[in-house]
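Thanks for making the time this morning. I would like to walk you through a few places in one structure, so please have the sequence and the view ready.

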Amino acid sequence: MNKSIVSMILAGALCIGFAGAKTLATVDGVVITEKDFDVIKQRVPNFSFDALDKAKKEALIDQAINNILIEKQAQKDKLDTTPDFKAAMEAFKKQLMVELWAKKQAEAIGKTKIPDAELKKYYDDNKQQFVQQEASARHILVKTEDEAKKIISELNKTPKAKVEAKFIELANKDSIDPNTKNTQNGGDLGSFQKNQMVPEFSKAAFDLKPGTYTKTPVKTEFGYHIIYLIKKNDPVTYSFDQAKATIEGMLKEKKFQQDMKQKIEELRKKAKIDISKSL
């Protein structure tokens, strides 16, 4: 059973007994339905109870049953009258008020209409953001530049027809990338877009020709990389009509952040705030 999903249920927030939903189980008259697991979608958007196999469904239902039983016992033990419970509820209410206020501001921004001229200007000024290009590559990650140079030296001595096989061998042996170490996949990164990798890595990877590797170490926040490009597609630029909805979402998000910052600054100006000098 996927423990992460079970832990989400254990964490709470089960809403019991939605009218009209299929009954999966009852506990002392409390109904458990498929709707009770919708909370998981907040963290796993593609989650579908129906898509789970029988064992996973049963495990989730068992966990929901346990939650109900624990809640009932906690009520019998009068835990909801303890100072810890009351303090936690107060903290939760404060945080909920902050989140609801932010949500209200976001909903107001969401209803605004951004003129097409503004959207088009953003598109024209930032066309590079709407160029899609996909690549497939392998990489070897090491801690030091000297280690990377040593690996490149070994690759340089390898006949061209055997370079990828040698790269796979060295990746499995020397790479400190956890995925490579655990799966021995030859440093295979699969397919990715430019914006999915850190800028230094993306530039180096997309500058390569298929079947070639970086002749100098590529430094990123993770260490030093040697990259082997398997293939890359020709770049495709989205038209304005294709990018319009994305641009509108980006500009609304930017406006939301700006408005939030302005409103919070206004609130701070009106408040008397004393910050301890002993921090």
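At what angle do helix α3 and helix α9 pack, and how far apart are their axes? Please keep in mind that this is a predicted model. Helix α3, which covers residues 83–110, packs against helix α9, residues 240–270, at an angle of about 135 degrees, and the axes of the two are 10 Å apart. That angle makes α3 oblique to α9, and the crossing of α3 and α9 is right-handed. If you look at where the two helices meet, α3 brings W101, A102, Q105, A106, I109 and G110, while α9 brings K252, K255, F256, D259, M260 and K263. Sorted by class, this contact between α3 and α9 has six nonpolar, two polar and four charged residues.

N156 counts as partly exposed because its relative accessibility is 46%. Setting aside neighbours within four places in sequence, N156 is in contact with Y213 and K215; Y213 is 57 residues away from N156 along the chain, yet their C-alpha atoms are separated by 9.7 Å.

The side chain of S175 reaches the backbone nitrogen of D177 at 3.2 Å, and, leaving aside neighbours within four places in sequence, S175 is in contact with H139, I140, L141, L170, T180 and K181.

Key. Residues are numbered from 1 along each chain as its sequence is written. This is a predicted model: local features need pLDDT of at least 70, side-chain atom pairs count only at pLDDT 80 or more; totals for chains, interfaces and linings use all residues. Side-chain values use heavy atoms; hydrogens and water are left out. Axes are lines fitted to C-alpha atoms, for helices over the stretch in contact, and angles run from 0 to 180 degrees between N-to-C directions. Helices (H or I, at least four residues) and strands (E, at least two) are DSSP runs, numbered from the N terminus. Angles under 35 degrees count as roughly parallel, over 145 as roughly antiparallel, 65 to 115 as roughly perpendicular and the rest as oblique. A crossing is left-handed if the near helix is turned anticlockwise from the far one by less than a right angle, and right-handed if clockwise. Contact means heavy atoms within 4.5 Å. Ala, Val, Leu, Ile, Met, Phe, Trp, Tyr, Cys and Pro count as nonpolar, Asp, Glu, Lys and Arg as charged, and the others, Gly among them, as polar. Buried means under 20% relative accessible area, exposed over 50%, partly exposed in between (1.4 Å probe, protein chains only). A polar contact is a pair of N or O atoms within 3.5 Å; within protein, one must be able to donate a hydrogen and the other to accept it, and residues adjacent in sequence count only if both atoms are side-chain atoms.
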